[in-house]
Amino acid sequence: MKMKLLPILALAVAGISCTKEIDNIPGSEQTVLMDKLTGGSEDQAQPGTLLVRFDEKTSSLLEKNDEAVTREILGLSGAESISPALMIRPKNMEVARKYGLHQWYTISFDESRPLKQVAAKMASSPSVTSLQYNTYLQPVRAEQAVGFIPTPQTRTSPVPQEEPGFDDPYSSHQWNLVNTGELTGSVAGADVSVRNAWKLTAGDPSVVVAVFDCAVNHRHEDLKDAVWVNEKELNGSDDVDDDGNGFIDDIYGFNFVQCIKINQDLVEGVLGGSAKAEAVKGKKLDYLSGIGHGTHVAGIVGATNGNGKGISSIAGGSGNNDGVRLMSCQIFQGTGSEAKNATDAQTAMAYIYAADNGACIAQCSYGNYLPITSDQDYINGNKDLGNGSARLENLALQYFLDPANSNHESLEGNIAVFASGNHQTAYSSYPGAYSYVLSVTAFGMDFQPAGYTNYGPGCKISAPGGEWGGVMNDYSGMILSTGVNSQKNPYPGIQNTNGMENKNYVYMQGTSMACPHVSGVIALGLSYAKKLGKKFTREELTSLLLTSVTDLDQFNKGGIHKFYSPFSTAQGTDIDMDRFKGRMGTGAVDAWRFLMAIEGTPTLLAQAGKKMSLDISRYCNPLDDYTVRVDEEARTSLGLVSDPVIRNGKLEIECSKIGSGKITLSGKVGKDPEREDGIGDMGYSRELSIASRPFATSNGGWL
């Protein structure tokens with residue numbers, strides 16, 4: 001649908017003159033405006049545009065190209081044109097109407113006109129139910145990247161067979177995936193516990209993760225086989241919407257930062273027949289601008305495993321083209337003075353695109369850094385703060401999450417994961433603070449909350465985000481992932497012995513890095529649920545995730561912690577660690593326990609290096625004559641000192657290593673004790689998961 005663009009001469013027809021702008025808005029108009037303005041501040045907004053939501057009757061007439069209504073709106077605002085805020089009609093219009101997306105329009109006018117004056121005029125119309133400035137998305141506030149230089153210690157041979165993992169040479173530098181405690185200052189097990197989870201699944205290409213960020217480097221050696229590919233566009237013609245989804249040349253995703261709606265005649269006939277089709281053309285995905293933030297995030301989720309190159313990832317498969325797929329939804333481009341960010345309307349369109357083109361996880365390492373501490377302040381704006389929500393963006397996010405737009409066979413609805421923020425504030429940034437999405441805090445390789453992380457209300461779960469230890473030229477405490485080797489923007493990074501810079505693999509730190517760890521673990525969970533033939537609602541799956549965690553408070557000793565930024569000359573900042581206690585979300589994400597929860601196998605916690613007596617009465621009648629069977633794989637992973645036994649109704653077990661595995665309790669029932677040749681017995685068994693971690697409660701805490 002394309003609205004007819006009427007000239008400014010329509011003002012004369014309406015009999016309303018806007019030739020003389022007023023400097024001040026009367027108090028009555030101010031009141032009406034503030035009642036209808038739903039967020040965004042003028043200084044962050046795109047000039048010359050305003051997003052307006054009309055009532056159902058008016059929007060219906062606009063949809064039908066009613067010239068009288070269009071003329072009246074243009075006359076009232078002094079605008080030059082009016083068109084749907086979403087440049088493309090959503091695929092699922094029933095759901096789009098449910099959230100009122102069809103009622104939002106963009107009015108465009110001379111950029112020299114003050115936004116507030118035009119907004120006040122529009123707000124005076126009874127047909128306008130709400131309006132917002134078309135603000136630019138706030139940029140990703142990530143630390144810069146530090147180039148990675150392989151050292152003689154870098155693994156160059158496959159991992160030992162008894163240790164699950166892949167032959168990716170830099171994986172030994174990824175404490176966030178497998179933390180053995182060998183790094184100075186690290187704690188064994190301070191990772192995502194993915195090593196044993198890989199025995200069950202390493203991903204599945206049916207899981208599409210949309211990366212809302214800077215563009216993903218789809219040519220990277222570790223990502224080129226992992227990116228989502230729109231085959232019809234890849235094999236189609238340039239400048240043509242080959243698959244008819246409304247987006248031209250969207251091979252690996254789409255650049256929403258720089259896109260325009262093209263003349264309908266250019267794509268006429270593409271969908272067959274003589275019907276005209278809408279289409280949006282964007283510039284090519286620009287992964288070279290900036291520091292490669294989106295590429296780094298994508299590598300954590302799904303860089304190709306087992307290809308003998310670079311790093312390992314959480315859900316990048318097993319080397320058999322079986323990893324998750326990464327869709328690039330570019331909403332940021334460049335950094336500093338050259339930064340270009342998507343507007344509210346463009347970001348909303350990105351959520352619609354992801355939902356309509358198969359993504360089931362939205363990976364969103366961004367957030368609003370302004371002091372917003374309630375849903376209503378974010379959605380409806382805050383008169384005191386002078387800022388507020390991208391209301392349209394929020395509605396589009398709900399469109400993405402709606403169960404009717406489910407994009408995976410094992411999930412009813414889709415899932416969105418956000419970074420909590422790097423501002424050390426006592427609440428999550430938005431949109432992550434919403435109750436229906438996940439906000440991720442960050443911890444370091446010692447399980448200590450990272451000095452930069454947000455915490456408190458709105459935060460749901462924690463994951464490795466990295467933290468530099470303050471030792472020059474040693475960045476091993478940060479997160480290693482994929483990067484971009486750009487001559488266009490050669491900073492930042494470090495030089496190798498040849499004086500040449502290589503940013504194909506880089507270190508970064510932040511909640512931006514913690515966020516994709518959770519997205520990756522969810523992707524693993526969906527992959528395993530598919531393998532098991534199970535299906536969950538979003539609420540069920542997130543409940544399993546949030547209850548399958550490691551308690552972080554046990555590692556937080558309180559007191560003052562020194563936080564170092566690798567890009568500051570300061571000698572570190574003192575952080576009071578008590579502030580984080582009980583405020584990092586439910587705990588640290590644990591891939592193994594999450595998969596066990598999906599499988600339905602109870603997990604008991606054992607503390608490594610300590611003989612434990614675990615209560616199993618909640619799972620079965622704890623009979624002493626049970627036989628306990630442990631396979632060699634679990635025995636090796638857990639480092640069992642001796643065979644577990646049932647004694648006095650409890651499971652006695654001693655693990656020397658941090659790991660995970662399953663045990664089977666077997667028993668018999670029904671045999672006639674009086675006669676050997678009498679009634680026979682029936683065998684039965686119960687499978688339990690054992691997770692050996694750095695710390696566990698004395699009775700074997702369970703989830």
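Five aromatic residues, Trp-228, Phe-247, Phe-254, Phe-256 and Tyr-353, are joined into a cluster by ring pairs. This is a predicted model, and a search through the whole of the structure turns up 25 aromatic pairs.

Next, let us visit a helix. H12 covers residues 511-532, 22 residues in total, and spans 32 Å from first C-alpha to last, close to the 32 Å expected at 1.5 Å a residue. Is H12 mostly covered or mostly open? Mostly covered, since 19 of its 22 residues are buried. After the helix comes Gly-533, which has a positive phi near 75°.

Val-669, Met-682 and Tyr-684 make a nonpolar patch of about 290 Å². Tyr-684 belongs to strand S32, which runs over residues 682-693. Leu-183, by contrast, is found in a loop, between strand S5 (146-147) and strand S6 (208-213). The C-alpha of Leu-183 is 8.0 Å from that of Ser-476, although 293 residues separate the two along the chain.

Here is how accessible two of these residues are:

| Residue | Relative accessibility | Class |
|---|---|---|
| Tyr-684 | 32% | partly exposed |
| Leu-183 | 31% | partly exposed |

Key. Residues are numbered from 1 along each chain as its sequence is written. This is a predicted model: local features need pLDDT of at least 70, side-chain atom pairs count only at pLDDT 80 or more; totals for chains, interfaces and linings use all residues. Side-chain values use heavy atoms; hydrogens and water are left out. Patches are made of residues with over 30% relative accessible area and no salt bridge: like charges are joined within 9 Å, nonpolar side chains (Val, Leu, Ile, Met, Phe, Trp, Tyr) within 5 Å. Accessible areas come from the Shrake-Rupley method with a 1.4 Å probe; for residues, only the protein chains shown count as cover. A salt bridge is a side-chain nitrogen of Lys or Arg within 4 Å of a carboxyl oxygen of Asp or Glu. Helices (H or I, at least four residues) and strands (E, at least two) are DSSP runs, numbered from the N terminus. Buried means under 20% relative accessible area, exposed over 50%, partly exposed in between (1.4 Å probe, protein chains only). Rings of Phe, Tyr and Trp (its six-membered ring) pair if their centres lie within 6.5 Å; planes under 30 degrees apart count as stacked, over 60 as edge-to-face and the rest as tilted. The expected span of a helix is 1.5 Å times one less than its number of residues.
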